[in-house]
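Hi,

Here is the structure I promised to pass on.

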Amino acid sequence: MTIPGDPYDFPIEGPFLPGKTALMIIDMQRDFCAPSGYMHTRGGDLGPARATIPRITAVRDACWKAGIEVIYTREGHRPNLSDLPRCKRMKTALAGAEIGSQGPLGRLLIRGEIGWDFIDELQPEEDEIVIDKAGTGSFHGTDLHHILNNKKIENLIITGVTTGVCVNSTVREAADRGYNVLVLEDCCAEPDQNTHNIAIQLLKVEGGYLSTISDSEKFLSAMCQVSGQMDKPNVRSGPMSSQP
């Protein structure tokens with residue numbers, strides 16, 4: 001079995017094996033998806049990101065049932081800003097939401113603040129993997145590649161925000177490291193729909209050199225077939241209780 005995709009079905013090496021696959025949920029944090037966070041402060045439309053939440057949740061639940069590893073990433077900087085490049089701070093200040101400045105959900109994109117943490121709907125379970133990163137790509141400066149190698153993961157399913165920055169950066173890093181990559185288009189978002197569309201098209205250049213593209217409906221349909229073959233003990237109870 002493979003998952004229908006454009007420009008090719010996933011994985012290109014086939015067949016689809018849950019034990020060699022991980023779902024990545026990129027930066028579904030309050031700072032990017034909740035009112036009064038970083039993205040809202042800089043004037044971004046939160047509607048597209050909010051619209052992905054039920055679809056990502058459904059995909060995550062299906063991955064739990066199929067025995068697929070789920071990995072969450074979270075962007076943020078140290079409270080003393082020692083890992084924040086000066087140019088990045090200046091760019092965010094120019095955009096109207098300087099990293100480290102005070103906002104309604106705490107200091108913007110600073111580790112430990114309310115805004116930095118995951119939205120209630122997509123809180124990880126206690127034993128799930130969380131990758132904390134200071135940059136846009138999930139591999140840069142993290143142990144993600146080491147974790148995936150240890151778990152013998154070859155296939156990555158990508159969801160989250162934003163399509164043109166952290167999603168795109170992670171896909172490119174993953175492709176360079178030899179992973180098969182599938183991006184679920186309707187589980188990613190940009191404040192501007194046109195920017196999202198352009199970012200998706202760039203991921204498909206040169207015959208899908210970076211990744212192939214599908215959507216949650218096709219993925220969930222495929223997972224129904226997989227889940228029917230899995231034992232019940234693989235099913236998780238669901239998300240953790242919401243944090244304040």
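P7 sits in the segment before strand 1, which covers 21-26. Keep in mind that this is a predicted model. The peptide bond leading from D6 into P7 is cis, with omega near 15°. P11 also belongs to the segment before strand 1, and the bond from F10 to P11 is cis as well, with omega near -5°. For context, most peptide bonds are trans, and most residues other than glycine have a negative phi.

D27 is not a glycine, yet its phi is positive, at about 55°. You'll find D27 in the loop between strand 1 and helix 1 (30-33). K152 is not a glycine either and has a positive phi of about 60°; look for K152 in the loop between helix 5 (144-150) and strand 6 (155-161).

Which of the two is buried and which is exposed? D27 has a relative accessibility of 0%, so D27 counts as buried. K152 comes out at 58%, so K152 counts as exposed.

**A buried arginine**

Next, R60, which is part of helix 3 (residues 47-66). R60 is buried but has no salt bridge. The nearest side chain of opposite charge is D61, and that is 4.2 Å away. What does the side chain of R60 have close by, then? A polar atom of that side chain lies 3.1 Å from the backbone oxygen of Q123.

**Helix 6**

Helix 6 takes in residues 163-176, 14 residues in total. From its first C-alpha to its last it reaches 18 Å, close to the 20 Å expected at 1.5 Å a residue.

Which residues of helix 6 are buried? They are T163, C166, V167, N168, T170, V171, E173 and A174. An α-helix has 3.6 residues a turn, so residues three or four places apart point the same way. With that in mind, have a look at how T163, C166, V167, T170, V171 and A174, which are among the buried ones, follow one another along helix 6.

As for partners, the buried residues of helix 6 pack against several strands: strand 1, strand 2 (69-75), strand 5 (129-133), strand 6 and strand 7 (180-189). Helix 7 (193-203) is another element they pack against. Just after helix 6 comes G178, with a positive phi of about 90°.

**Aromatic pairs**

How many aromatic pairs does a search of the whole structure find? It finds four. One of them is F32 with Y38, an edge-to-face pair at 5.9 Å centre to centre, with 80° between the planes.

F139 is in the loop between strand 5 and helix 5, while Y179 is in the loop between helix 6 and strand 7, so the pair ties together parts that are 40 residues apart in sequence. F139 and Y179 are both buried.

Cheers

Definitions and conventions:
Residues are numbered from 1 along each chain as its sequence is written. This is a predicted model: local features need pLDDT of at least 70, side-chain atom pairs count only at pLDDT 80 or more; totals for chains, interfaces and linings use all residues. Side-chain values use heavy atoms; hydrogens and water are left out. Helices (H or I, at least four residues) and strands (E, at least two) are DSSP runs, numbered from the N terminus. Buried means under 20% relative accessible area, exposed over 50%, partly exposed in between (1.4 Å probe, protein chains only). Lys and Arg count as positive and Asp and Glu as negative; His and the chain ends are not counted. A salt bridge is a side-chain nitrogen of Lys or Arg within 4 Å of a carboxyl oxygen of Asp or Glu. A polar contact is a pair of N or O atoms within 3.5 Å; within protein, one must be able to donate a hydrogen and the other to accept it, and residues adjacent in sequence count only if both atoms are side-chain atoms. The expected span of a helix is 1.5 Å times one less than its number of residues. Contact means heavy atoms within 4.5 Å. Rings of Phe, Tyr and Trp (its six-membered ring) pair if their centres lie within 6.5 Å; planes under 30 degrees apart count as stacked, over 60 as edge-to-face and the rest as tilted.
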